[in-house]
Structures are given as structure tokens and as C-alpha cells.
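Here is a short report on one chain. Keep the sequence and the 3D view open as you read.

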Amino acid sequence: MTKPKLLLVNPPFPRKVAGVPLQLLYLAAAVRNSPVEVHILDLNIRENSEMALQEEISSSLPTHVGVTS
């Protein structure tokens, strides 16, 4: 059985919101002591967000993905 991996994604928003995606950091902290490996991808700070998402998914192979809205 593979180790569970969680990818938390902050999608790009047309109007940039200053600051870090706290909601994703809170979720990552909540599972910190579990066997789940967590990655956070903030697409607001990436140039080519669609390509960055594809690269992250193909490199980390998450078992679960969470996306903010």
C-alpha cells in the first residue's frame, strides 16, 4: 500500500490577494502528526499556473487533492 499523499492547491485568482493561503496552512498543520505527506501549491505566485499544477501532480503523485475556492 502506498503512503497517502495530500496536495493542497490555492488556485490562481484574477485579483491577487496579499498574504499566504492560511486556510491551506491550517489544514496541513492539522494532518502534520498523521502518516499523510502534505504538499501545498500556491498558484498565485507561479507564472504558468496550469503547467505548474501538471508538474506538481506528475512529480508528487498525490492520492488526494484539496482545492480552495
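## Overview

Of the 69 residues in the chain, 28% are buried. Buried means under 20% relative accessible area, exposed means over 50%, and partly exposed lies in between, with a 1.4 Å probe and protein chains only. This is a predicted model, in which local features need pLDDT of at least 70, side-chain atom pairs count only at pLDDT 80 or more, and totals for chains, interfaces and linings use all residues. Residues are numbered from 1 along each chain as its sequence is written, and side-chain values use heavy atoms, with hydrogens and water left out.

The chain has 2 helices and 3 strands. Their order from the N terminus is β-α-β-α-β. Helices (H or I, at least four residues) and strands (E, at least two) are DSSP runs, numbered from the N terminus. Along the principal axes, the C-alpha atoms fill a box of roughly 40 × 25 × 15 Å. The accessible surface comes to about 5,100 Å², and 60% of that belongs to carbon and sulfur atoms. Accessible areas come from the Shrake-Rupley method with a 1.4 Å probe; for residues, only the protein chains shown count as cover.

A contact means heavy atoms within 4.5 Å. Among contacts with a separation of 6 or more, 72% are between residues 24 or more positions apart.

## The sheet and its helices

The strands form an open sheet of 3 in the order β2-β1-β3, with parallel pairing. β2 and β3 are the edge strands, each pairing on one side only. Neighbouring strands are turned by 20 degrees against each other on average, direction ignored. Helix α1 (residues 22-30) packs on this sheet and touches β1 and β2; its direction makes about 165 degrees with that of β1. α2 also packs on the sheet, touching β1 and β2, and its direction makes about 170 degrees with that of β2. Axes are lines fitted to C-alpha atoms, for helices over the stretch in contact, and angles run from 0 to 180 degrees between N-to-C directions.

Two strands pair if DSSP finds at least two bridges between them. β1 and β2 (residues 37-42) pair in the parallel sense over 6 bridges. Lys5 has Glu37 as its bridge partner in β2. β1 and β3 (residues 64-67) run parallel and are joined by 4 bridges. Leu6 stands opposite His64 in β3.

How enclosed is strand β1 (residues 5-10)? Because 5 of its 6 residues are buried, β1 is largely enclosed by the rest of the structure.

## Asn10 and Asp42

Asn10 is found in strand β1, and Asp42 lies in strand β2. Asn10 counts as buried because its relative accessible area is 6%. Asp42 is buried too, at 13% relative accessibility. A polar contact is a pair of N or O atoms within 3.5 Å; within protein, one must be able to donate a hydrogen and the other to accept it, and residues adjacent in sequence count only if both atoms are side-chain atoms. The polar contacts of these two residues are listed below.

| From | To | Distance |
|---|---|---|
| Asn10 side chain | Asp42 side chain | 3.0 Å |
| Asn10 side chain | Thr68 side chain | 3.2 Å |
| Asp42 side chain | Asn44 backbone nitrogen | 3.1 Å |

Leaving out residues up to four places away in sequence, Asn10 touches Pro21, Gln23, Leu24, Leu41, Asp42, Leu43, Asn44 and Thr68. On that basis, Asp42 touches Asn10 and Pro21.

## Nonpolar core and leucines

In soluble globular proteins, nonpolar side chains tend to be buried together. Here the largest nonpolar core has 5 residues: Leu7, Val9, Leu41, Leu43 and Ala52. Such a core is a set of buried Ala, Val, Leu, Ile, Met, Phe, Trp, Tyr and Cys residues joined through side-chain atoms within 4.5 Å. Beyond residues up to four places away in sequence, Leu43 touches Val9, Asn10, Pro11, Pro12, Ser49, Ala52 and Leu53.

Leu27 is found in helix α1. At 46% relative accessibility, Leu27 is partly exposed. Its C-alpha atom is separated by 8.5 Å from that of Leu8, 19 residues apart along the chain.

Is Leu61 buried or exposed? Leu61 counts as exposed, because its relative accessibility is 60%. Leu61 lies in the loop between α2 (49-60) and β3. Its phi is near 45 degrees, a positive value in a residue other than glycine.
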